[in-house]
Amino acid sequence: MASTAIPRLTSPLPIRGATHKIHVTINDVPFDFMVEDRTLLVHFLRDALGMTGTHIGCDTTHCGACTVLLDDVPVKSCTVLAVQADGRKVRTVEGLESGGKLHPVQEGFTTEHGLHCGYCTPGMMMTSVALLAKNPNPTEEEIRRAISGNLCRCTGYVNIVKAIQHAAKASGGGK
Amino acid sequence: MTIHGGIGQSLQRKEDARFIRGKGNYVDDIQLAGMLYLDFTRSPYAHAKITAIRSEKALKVPGVLAVITGKDLDAAKLAWMPTLMSDTQMVLPIDTVKFQGQEVAGVVAENRYAAADGAAAVEIDYEPLPVVTDPVKALQPDSPLVRPEKPKKSNHIWHWEVGDKAGTDALLAKSDVVVHQDFYIPRINVSSIETCGCVASFDPMGRLTMYMTTQAPHAIRTVFALVSGLPEQSIRVISPDIGGGFGGKVPVYPGYVVAIVAALKTGHPVKWVETRTNNLMSSSFARDYHISADIGVTKDGKLTGLKVKTIADHGYADAAANPSKFPAGLFHIITGSYPFEKAFVEVDGVYTNKPPGGIAYRCSFRVTEAAYSIERLVDEVAHKIGMDPAELRLKNFIPPEAFPYHSALGWTYDSGNYGGALKLAMQMVDYPALRREQAEKRKKGEFMGIGISSFTEIVGAGPAHTFDILGLKMFESCEIRIHPTGKVMARFGTKNQGQGHETTYAQILATELGIPAENISIEEGDTDTAPYGLGTYASRSTPTAGAAAVVAARKIRDKAQKIAAHLLEVSPEDLEWKDYKFQVKGVPEKSKTMADVAFAAYTNPAPGVEAGLEAVDYYDPPNMTYPFGSYICVVDIDKGTGAIHIRRFVAVDDCGTVINPMIVEGQIHGGLTMGLAPAMYEQITYDEGGNIRGSSFLDYLVPTSVETPHWETGRTVTPSPHHPIGAKGVGESATVGAPAAIVNAIVDALSPLGVTNIDIPVYPWKVWQILHDKGQT
């Protein structure tokens, strides 16, 4: 596990509302936290844990910039409460690299120029990781369907499709 | 002989290393000790008098520290601010609101949730006023006044015109055929996936550090200094990683200013980040042009004259970001790729009860509006006179030998080979076969269309004699420092937002300095360290900063030659720069690399030569650059539903010399998608009461991977003769060129039904309505 995958706790804020204790495994490391009930998972990750690789791009669960894996399923963390992660596993972009080695999806994105500004990239990559876990050998059509909940304004998607195909090939699949 | 990472190589991007690890540093990632959050109470009305603002309940919300209103700002003379177009706009209103979603009161709290709770608890009493959202109605004498405080007492802001009106009228009168067409180019929103935001922080000495999503950090620093009265050296603007700009991050929005005031008032750093709904309601608007055009042609297909009248809806303030002398931007590039003998363009800017608009949307100032109009008109002319649209274009194009070409509206095009690009695109799609297929399909009652767009762009603003923003000349800068170990740090006045500057600038310098790209670091966006520049927008980085990089590098080479001569014990004239080294002429084994010279520059400088190896250049481009291209789109229309399927889209671009082919192709893919968007999906509309329809991604349709076709690209290379390496800029060409190709294809498909135009965005229901009305479905 890469050191960057560990939360770096930022300044503790006063607690103003009702709280719950949650037990959550973040990028393979188990933690116990007290969280305010209304805190969204994305704000918990970003503002409380300082894990800012997960981004925010809208308020209606459309853009997918905040996509993380919750028990290996991609979810938009702007529409999940932190308390809903209790007893579950969260994987974020910070947890993709392992032992100093990039994940094949990360390799694919840089090799095929699947990113420009980089803002949608973490969410796009987490969706891609989940797709390849379920379907190691996706067609272009299947890739386009799978990432249709992640908006990118810069790339026009062509190279994102290639990036995911690249990762599929590197992982032994690929059409 | 090549240098690793030099010009022309598809070098993997340097900046990717942090982005793919989630280690980018965007504004909302910045956390400072004791940082507070700012949110706004916004107006539910498009036009209303504010009769009372009560903050008491908001201040009782746990965690809320302050409420800031227009009256508070007025006491410090900060309730209003200048726009980049010499108009004024509100920071916060003192007594009236002018559009729905306008910021009315700022609430500062210890976290973003408390700030949002506080904003909901501010109580504001309004008296609604009459609203006008249609610029044509706004020009009528009985219209409500949007800016009654202005001496003019009219919603008309300005009139601008260029060209020969009488000459154009005379020419059109004697043309065999004149085609008239009205186009509405709807209001759209840039919608970069990262919204706008900032963190304002004062140090104990009163020095402001402003982390903000800005495409033009230096210009913003100067504007802040002029508006606030803070000494300019006490302001540091840092533009960190930016999650897409596209023009939406050029203007100054009220949130930035209120964050600074809030930081002053509370003594804490203050963060403000827009929600998507805030962004879609109040910032980053483009276009909103109502165009009426006449184009003349002889019966054998020779284009004659062009006359264009436009009403530009700017919302309640002209807060566009055009060069000062051009209130309608570079709209007079509208004669496009054709040698019109005469042309005339007039534009009238109008106030309405909408948020300020008129910024660019991944296109140089108003160039899409121009390219769309001319390329739609040319197709209409072709249909009208029964000539193939490709043939009409090839017959009329400005020929390659006519460059530099002086257009009827005053531009001097640098270089072009329009026929070459169109012929390549036709070859790539097999145009004759497509036309044969279309003829077959028409016999069977099927609707297939082929659309062409052969656009000419104008980018790289710009020459100081003509181009400035608030008086700041639109030069661009590069500063290079070569360290003793031969490693390079170069800084620029531009600002990357995803274009790949950290890579392409390094490639230019690799070639010019003979140092591999991996040994060259590029930095932008910090006004304390980068040389002054006007920023990145309108595809200007490569034409201006790219040129500054070359000139600065050549200044270094001049000095380095003297040091190399000293090391080789020859005179500088005996050396030549060859194979990325200084070689003694005729004796190639006697040579020194730039790294050798760099070490000597600090350890063994030549007599009479200053130590160090650094240079800076402020580059004033002699002219604009004129990228161009030809796009061909093929569509199939479903008769039952009106659904439009883009079967193929081939884009041939010519941006002059290509620095990184991979990045250039990527820019074109992205630009094409932002050309597809307004052609078929995106628009922001308002009802008569000024209520916005489209304030979330539920209603504002940014294309996903499913709507976006598989783009195909091709390239011709016609270097710019005045740019030191012949490059022209490419970030926006495709946004400019694509919409007309798509709409031309759709209109071409439906032309057997007598269809000559469909206003964008072309939704399936519009097509279905036509098919239905014509008895086709």
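Predicted model: local features only at pLDDT ≥ 70, side-chain atom pairs only at ≥ 80, totals over all residues.
Residues are numbered from 1 along each chain as its sequence is written, chains are lettered from A and ligands numbered from 1 in the order in which they are written, and side-chain values use heavy atoms, with hydrogens and water left out.

Let's start with the meeting of the two chains. The size of an interface is often given as the accessible area lost when the parts come together. Here, chain B and chain A bury about 4,800 Å² between them, with 54% of that on carbon and sulfur atoms (buried area is the accessible area, with a 1.4 Å probe, that two parts lose on being put together, summed over both). On the chain B side, I20(B), Y113(B) and I193(B) lose the most area to chain A, together 16% of what that side buries. Chain B puts 61 residues into the contact and chain A puts in 51 residues, where contact means heavy atoms within 4.5 Å.

What holds hands across the gap? Between chain B and chain A there are seven salt bridges (a side-chain nitrogen of Lys or Arg within 4 Å of a carboxyl oxygen of Asp or Glu). Which elements of chain B give two or more residues to the side that touches chain A? They are α1 (16–19), α4 (112–121), α9 (276–282) and α17 (661–680), and the largest share, nine residues, comes from α17(B). Helices are DSSP runs of H or I with at least four residues, strands are runs of E with at least two, and both are numbered from the N terminus.

Now zoom in on the salt bridges. Over all chains, the structure holds 56 of them. In one, the side chains of R112(B) and D47(A) meet at 2.8 Å, N to O. R112(B) lies in helix α4 of chain B and D47(A) in helix α1 (residues 41–48) of chain A, so this pair joins two chains. R112(B) counts as buried at 16% relative accessibility, and D47(A) also counts as buried, at 14%. (Buried means under 20% relative accessible area, exposed over 50%, and partly exposed in between, using a 1.4 Å probe and protein chains only.) R46(A) and D28(B) form another bridge, at 3.6 Å, N to O. These residues belong to a network of salt bridges linking R46(A), D47(A), D28(B), D29(B), R112(B) and K271(B).

Other bridges stay inside chain B. E123(B) pairs with K57(B), their closest N and O atoms being 3.0 Å apart. E123(B) sits in strand β8 (residues 123–128) and K57(B) in helix α2 (residues 56–60), so the pair ties together parts that are 66 residues apart in sequence. E123(B) is partly exposed at 25%, whereas K57(B) counts as exposed at 51%.

Last stop: A464(B). Where does A464(B) lie? You'll find A464(B) in the loop between β20 (447–456) and β21 (468–469) of chain B. A464(B) is buried, with a relative accessible area of 16%. Leaving aside residues up to four places away in sequence, A464(B) touches K473(B) and D620(B).
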